[in-house]
Amino acid sequence: MKETRAFLKSIGMPEGDLYSLPTSEKRFRDGGQYRFEVPGIQGPKVMEVLLETMDKYGIWLHRVTQTKGIMMLTDNEIMEMVKLAKEAETDLILAIGPRATTDTSASVHTEEGVRMGYRLRGQEQIVRAIEDVKRAVALGCRSFLVYDEGCLWVLGEMRKAGELPADCHFKVSAHAGHGNPCSAHVLEMLGANSINPVRDIQLQMLASMRAAIDVPIDIHTENPKSTGGFIRHYEVPEMIRVAAPIYLKTGGSVAATHSWDSTESDAKQRAKQVSLVKRMIDTYYPEAIQSPKGSIK
């Protein structure tokens with residue numbers, strides 16, 4: 001294995017998982033090590049309750065992520081969510097609608113086909129995904145959840161060509177199934193602005209991924225039952241230390257599935273989960289630097 005490890009090192013990749021758990025010196029542009037993200041907020045009413053509850057806890061929320069898909073929202077709903085995000089100085093991420101689970105193929109719903117994640121089948125689905133993004137851009141959104149590497153590449157090329165605004169942000173979903181430094185490096189090359197690895201990634205794996213890329217890593221601090229149901233709050237301080245800059249995706253355990261249609265009561269519970277994670281940070285890594293309010297890119 002020595003020669004293989006030596007070659008990996010020669011191309012700028014870690015030789016293996018970093019069991020030494022080195023401290024990351026990388027930061028967000030504002031100097032912060034971590035930010036909070038709450039996923040699974042599917043519409044404006046629930047988003048409004050979430051933001052109000054976060055204010056009551058006195059915790060800055062840097063990201064709100066909708067996961068059901070842009071095509072499931074009306075124009076008015078998108079505009080209202082964009083408005084709420086602007087007022088709260090938080091980033092709104094909308095999921096690209098067309099994906100494997102809503103295609104006419106049954107493959108993704110089979111035991112073997114589920115391994116394809118939410119990737120797109122056929123070029124028409126790529127076209128439709130791009131149309132989804134263009135529609136949301138026209139309504140004021142600039143951040144998008146991407147499930148397919150080819151789609152990511154095209155969106156990145158469109159951004160470079162001026163077909164999409166230069167400030168568009170592309171976040172790769174955990175449903176793309178990436179969990180190693182080499183894959184993360186490829187996603188960064190394709191235009192990813194942040195990367196969500198598989199949900200059960202271990203600390204030494206997370207450390208090696210951080211060594212390979214510069215963009216933020218989005219990590220689930222907890223999960224719905226459909227994706228394991230594990231809660232990793234005690235690991236959060238070390239996640240921050242070894243993987244900064246990092247988005248802490250919190251509140252997932254409130255939901256039963258990834259695209260759970262959260263209620264206003266769920267939103268309050270998700271905010272509570274963020275407060276519990278913040279307590280862990282304050283107790284076990286109090287020197288960790290949180291990005292200030294308004295730092296959303």
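**Group meeting: a walk through the predicted model**

Let me start with the contacts. Among contacts in the protein chain between residues at least 6 apart in sequence, 74% join residues at least 24 apart. Contact here means heavy atoms within 4.5 Å.

A word on the source. This is a predicted model, where local features need pLDDT of at least 70, side-chain atom pairs count only at pLDDT 80 or more, and totals for chains, interfaces and linings use all residues. Residues are numbered from 1 along each chain as its sequence is written, and side-chain values use heavy atoms, with hydrogens and water left out.

Now the overall fold. The protein chain has 9 helices and 8 strands. Helices (H or I, at least four residues) and strands (E, at least two) are DSSP runs, numbered from the N terminus. The radius of gyration is 18 Å, close to the 19 Å that the globule rule gives for 297 residues, so the chain is as compact as a globular protein of that length. That radius is taken over C-alpha atoms, and the rule is 2.2 Å times the number of residues to the power 0.38. Along its principal axes, the C-alpha trace spans about 55 × 45 × 40 Å.

Next, the surface. Of the 297 residues, 54% count as buried. Buried means under 20% relative accessible area, exposed over 50%, partly exposed in between (1.4 Å probe, protein chains only). The accessible surface comes to about 13,400 Å². Carbon and sulfur atoms hold 53% of that surface. Areas come from the Shrake-Rupley method with a 1.4 Å probe; for residues, only the protein chains shown count as cover.

Then α9, residues 264–284. At 1.5 Å a residue, its 21 residues should span 30 Å; the end C-alpha atoms are 31 Å apart, which agrees. The expected span is 1.5 Å times one less than the number of residues. Its buried residues include Asp266, Arg270, Val274, Lys278 and Ile281. Their cover includes β1 (34–38), α2 (44–57), α8 and β8 (246–249).

Now single residues. Asn196 sits in the loop between β6 (194–195) and α7. Buried or exposed? Asn196 is at 1% relative accessibility, so it counts as buried. Leaving aside neighbours within four places in sequence, Asn196 is in contact with Lys171, Val172, Ser173, Ala174, Asp218, His220 and Lys249.

Glu80 lies in helix α3 (residues 75–88). At 30% relative accessibility, Glu80 is partly exposed. Its C-alpha atom is 10.0 Å from that of Gly140, 60 residues apart along the chain.

Finally, the backbone. Glu89 has a positive phi of about 55 degrees, although it is not a glycine. Glu89 is in the loop between α3 and β3 (91–95), and at 40% relative accessibility it is partly exposed. Leu21 also is not a glycine, and has a positive phi of about 50 degrees. Leu21 is in the loop between α1 (2–10) and β1. Where is Pro245? Pro245 is in the loop between α8 and β8. The peptide bond from Ala244 to Pro245 is cis, with omega near 0 degrees.
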